[in-house]
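Reader: I would like to go through some labels in this structure and hear what each one rests on. Please set each value against its cut-off.

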Amino acid sequence: MLGMLSSQKAPSLVAAVLLAVMGLLGMHQEQALMVSGTWSSGEDVTSRLAEREATLNLRSEAEALLLSFTRAQMTRFYWGEFASSLDELGLTVGEPLIAHVQRSKNLTMLWLAPQHGEEAYLAIVRRDSSGTRLERLHCRGNVSRLKKPFLGSCPDGWSEFLPLKNI
């Protein structure tokens, strides 16, 4: 009877031992990574985390403004023409961002530059090639390409993104 119990429990026992060994190895590797980690001091970690949080907050604020701009310009165009300023749309810009609106008969753009930071934003609303529908485009990229000429899609090196809530 003792031999039969051992043979039935052997696979479970082997699995438990293997899991325990893997857990111990994992804990050892984690400790080694923590000792030799890439961040050398607590202040460095704190400043990096604060910088990352500031970037994410700015991105969230910028994306919300781009979405509002896009919706308002589409509505405004439906009633006649694109607005030439954020004031005409009833929109305001928060302190960490600097806004610039460009407008023509078939196109409007909102450029957003941070007062501090490297990430800039662009919203474009334009008539499609047939002139019957409006298209929108939201871009994010390095501030060095801000307001430089481009060919209607996102500027070189910038990426297109979807707004927080789809239009």
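Reader: What makes the contact between R140 and E63 a salt bridge?

Author: The term needs a side-chain nitrogen of Lys or Arg within 4 Å of a carboxyl oxygen of Asp or Glu. The side chains of R140 and E63 meet with N to O at 2.6 Å, so the pair falls under that definition. R140 is in strand β4 (residues 134-142) and E63 in helix α2, so called because helices (H or I, at least four residues) and strands (E, at least two) are DSSP runs numbered from the N terminus. The two residues are 77 apart and link distant parts of the chain. Both R140 and E63 are buried.

The model is predicted: local features need pLDDT of at least 70, side-chain atom pairs count only at pLDDT 80 or more, and totals for chains, interfaces and linings use all residues. Residues are numbered from 1 along each chain as its sequence is written, and side-chain values use heavy atoms, with hydrogens and water left out.

Reader: Why is E119 called buried, and R59 partly exposed?

Author: Buried means under 20% relative accessible area, exposed over 50%, and partly exposed in between (1.4 Å probe, protein chains only). E119 has 18%, so E119 is buried. R59 has 21%, so R59 counts as partly exposed. The side chains of E119 and R59 also meet in a salt bridge, at 2.6 Å from N to O. E119 lies in strand β3 (residues 119-127) and R59 in helix α2 (residues 42-78), so this pair ties together parts that are 60 residues apart in sequence.

Reader: How do you know that C139 and C154 form a disulfide?

Author: The test is a pair of cysteine sulfur atoms within 2.5 Å. The S to S distance of C139 and C154 is 2.1 Å, so the pair passes. The structure holds 1 disulfide. C139 is in strand β4 and C154 in the loop between β4 and β5 (159-160), 15 residues apart. Both C139 and C154 are buried.

Reader: Why is the disulfide of C139 and C154 called left-handed?

Author: The torsion about its S-S bond is about -85°, so the disulfide is left-handed.

Reader: What makes L13 exposed?

Author: The relative accessible area of L13 is 57%, so L13 is exposed. L13 sits in helix α1 (residues 2-35).

Reader: How many salt bridges does the structure hold?

Author: The structure holds 6. Another one of them joins E88 and R76, with the closest N and O atoms 3.2 Å apart.
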